[in-house]
Amino acid sequence: MNTKTTQAPPPASDSKHPMRVMFQGRISDKDRLRMKLTSPSFWIEKVWFFFRFVIMLGVSYVILSPFLSKILQSFMAKEDFVDATVSIIPKNWNLQMYKFLIIENEYFQAMFNTAALSLICALLQTFCCCMVGYGLAKFKFKGNKLVTVLVIITMAVPHSTLRLSMLQHFVSFDLAAIQSFNMKGPIELIFGNTIKLTNSFWPLIIMSMAGIGLKNGLYIFMMRQFFRGVPDELEESAYVDGSGTFHTFVRIILPLSIPMMITIFLFAFSWQWTDSFYSELFFAGAVNKTWLLPDIISTIPPSLETGYAGKAMYYSAIRNTGGILIILPLLIIYLFCQRYLVQGIERSGLVG
Amino acid sequence: MTNQVIPKRRHKPGGAALSTRKARQGWFFVLPFIIGILLVYAPIVIDSIWFSFNTLVKEIDPVTQVAYNVVKPAGFTYYREALQNEEFISTLLSGAGQLVLNVPAIVIFSLFIAVILNQKMLGRAAFRAIFFIPVILATGLMEAINLQDMLSGSIEGGIDTGAEGGGELISMMDIDMLFSNMKVGRELVTYVLGLVNRVYEIINDSGVQMLIFLAGLQSISPSIYEACQIEGATSWETFWKITFPMISPMILVNLIYTIIDSFTKEANVVMAFIERVHLIPRVHLATAMSWLYFLMVLLIVAAFAAIASSFVFYQKRD
């Protein structure tokens with residue numbers, strides 16, 4: 001109560017100043033509101049906010065809706081696929097598809113194998129691409145451009161082009177052996193025969209170590225762009241303090257690039273997880289058919305097989321359920337790592 | 001404690017200069033890749049190219065009656081056959097056409113979304129999380145499922161095939177009516193219609209591009225925007241005079257990435273066609289075809305890169 005009355009009115013001399021009149025509360029709140037409401041920029045902004053929000057919602061819907069319908073379909077019973085009244089919401093909720101996919105397609109075994117494979121490959125790829133990207137970004141040497149072009153070319157060669165010779169090379173693996181010219185590699189020269197590497201993790205491990213695996217060109221390129229944004233002064237001061245190049249890389253550069261490395265790791269892990277090309281190529285003769293996760297969509301569990309009218313749609317729903325089962329662990333990991341994904345890329349400073 | 005003698009810096013007469021040493025260290029860092037390329041990748045590529053110029057013939061030894069494979073040089077037979085295959089040529093052209101139409105759409109769309117995601121808004125974190133789901137998940141898995149559906153569908157000859165596949169979002173008629181009064185030309189209308197119907201595809205293909213653009217936008221210094229604001233530029237002007245030039249290197253990167261990505265994924269029409277040839281099985285022909293395809297896409301990448309790099313603006317560092 002008292003505080004209001006004790007506030008002294010502005011000195012009369014000051015209040016006559018025109019600027020004071022304009023800015024010292026002489027305009028009533030009502031006037032201000034009117035000014036705000038009549039200004040076009042205010043309305044343009046508000047309309048843009050609304051428009052933007054609607055666009056975002058729409059795109060989110062487009063992204064999420066196929067998952068939604070597939071999830072709902074996965075709970076449907078067999079009968080629902082021939083029932084014309086059922087379109088989105090299942091009538092007979094059940095978990096048959098999940099149950100038989102998990103039991104008969106040995107989901108957990110496949111998940112364990114895939115997790116091990118993806119983890120090994122992703123770790124190797126992250127480290128290798130980090131190193132190569134650092135080398136390309138921070139060192140000027142003859143052939144730097146050539147190596148960069150090679151990186152882009154490995155990204156651009158479609159895998160199916162190399163499928164056959166890749167399989168041949170890993171069925172009888174040797175280093176630098178060009179089979180078409182009968183060029184023998186060191187392994188055959190020393191031990192007398194080549195090694196069969198298919199049906200094991202080795203083909204993918206070797207490719208990951210060398211940075212020529214799945215989409216590794218992109219990772220190397222991203223890492224290169226990231227390191228270009230890291231100021232040179234950081235390493236120079238480390239060098240001045242007597243740190244070696246590799247030591248500087250491990251102790252200074254790697255800790256700095258952890259968010260970016262998480263991004264690359266997440267890419268590598270999830271793309272290896274869902275990849276069916278290599279798993280089909282290298283694990284074609286595996287002991288059982290569903291050795292890796294992407295295989296579980298290619299076989300229909302025997303208990304779910306039917307021969308009735310809505311078969312095609314039903315089988316399609318079973319495959320989609322398999323897809324959900326494949327994606328589910330990834331989605332859980334993504335929800336935890338998602339903020340690093342944006343953070344990592346934000347700091348990457350990809351310019352030039 | 002004796003007085004420690006500070007070792008004199010020895011100058012090795014034969015020691016390498018700093019630049020040479022740095023170059024050597026550079027080679028050390030790219031060594032894994034170089035080794036991989038030389039020892040594993042190059043032999044695979046050479047064999048694959050050689051494969052397309054040769055043919056394997058099964059012959060039976062007249063004495064021992066044992067079958068064995070004989071390699072016979074085929075020269076350009078497979079390439080000639082591929083180029084004379086009308087279906088292949090038409091698929092190649094339609095694939096290239098699709099690419100040329102899709103790529104600008106994906107790049108523009110992802111830039112637009114990245115600009116929006118970069119602004120402060122309600123629920124930005126949630127939107128970001130949703131928008132990057134396709135990056136993680138839609139890498140061929142959904143396509144593989146659809147492919148399986150199509151394969152099994154075509155074998156069973158079921159009625160249900162394609163029931164879900166081509167669900168058009170908006171009927172052609174509606175948009176047709178809308179645009180026919182605007183006199184904008186037939187081609188544009190069909191292009192827009194195609195885009196609207198492929199919106200799902202486009203959104204799912206632009207996840208990585210969005211991330212790259214977002215990173216580029218984040219790296220633009222806020223002080224430039226501040227200066228613009230003080231000078232009284234509208235946000236429209238700011239976009240075209242500041243954001244666009246600053247982001248243009250990323251546009252080039254995304255252009256190249258989008259082309260490469262959309263032509264190497266398995267859902268691509270040409271890839272699907274080559275896959276079919278592979279399964280017939282005409283393996284040598286399929287290999288020749290895919291090398292031709294690779295050449296074509298390399299040309300497209302070079303053409304796009306040449307056009308794009310003429311307007312790319314590189315900010316000089318310091």
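1. Let's start with the helix pair in chain A: H7(A) and H15(A) sit oblique to each other. The reason is the angle, since their axes cross at roughly 140 degrees, and an angle counts as roughly antiparallel when it is over 145. Bear in mind that this is a predicted model.

2. A few more particulars on that pair. H7 covers residues 107–138 of chain A and H15 covers residues 258–274, with the two axes coming within 8 Å. As for handedness, H7(A) passes H15(A) in a right-handed crossing.

3. Who makes the contact? On the H7(A) side the residues include A:Leu117, A:Leu119, A:Cys121, A:Ala122, A:Cys129 and A:Cys130, along with A:Thr114, A:Ser118, A:Gln125 and A:Thr126. H15(A) brings A:Met261, A:Ile264, A:Phe265, A:Ala268, A:Phe269, A:Gln272 and A:Trp273. Sorted by type, the contact between H7(A) and H15(A) has 12 nonpolar and 5 polar residues, and no charged ones.

4. You'll find A:Lys215 in the chain A loop that links helix H11 (202–209) to helix H12 (216–228).

5. Is A:Lys215 buried or exposed? A:Lys215 counts as buried, because 22 other C-beta atoms lie within 10 Å and the cut-off is 20 or more.

6. Over to chain B, which has 14 helices and 2 strands. Chain B runs to 318 residues, and 31% of them count as buried. Taking the chain B contacts between residues at least 6 apart in sequence, 73% join residues at least 24 apart.

Methods:
Residues are numbered from 1 along each chain as its sequence is written. Chains are lettered from A and ligands numbered from 1 in the order in which they are written. This is a predicted model: local features need pLDDT of at least 70, side-chain atom pairs count only at pLDDT 80 or more; totals for chains, interfaces and linings use all residues. Helices (H or I, at least four residues) and strands (E, at least two) are DSSP runs, numbered from the N terminus. A residue is buried if 20 or more other C-beta atoms lie within 10 Å of its own, exposed if 12 or fewer, and partly exposed in between; C-beta atoms are placed from the backbone. Two residues are in contact if their C-beta atoms, placed from the backbone, lie within 7 Å. Axes are lines fitted to C-alpha atoms, for helices over the stretch in contact, and angles run from 0 to 180 degrees between N-to-C directions. Angles under 35 degrees count as roughly parallel, over 145 as roughly antiparallel, 65 to 115 as roughly perpendicular and the rest as oblique. A crossing is left-handed if the near helix is turned anticlockwise from the far one by less than a right angle, and right-handed if clockwise. Ala, Val, Leu, Ile, Met, Phe, Trp, Tyr, Cys and Pro count as nonpolar, Asp, Glu, Lys and Arg as charged, and the others, Gly among them, as polar.
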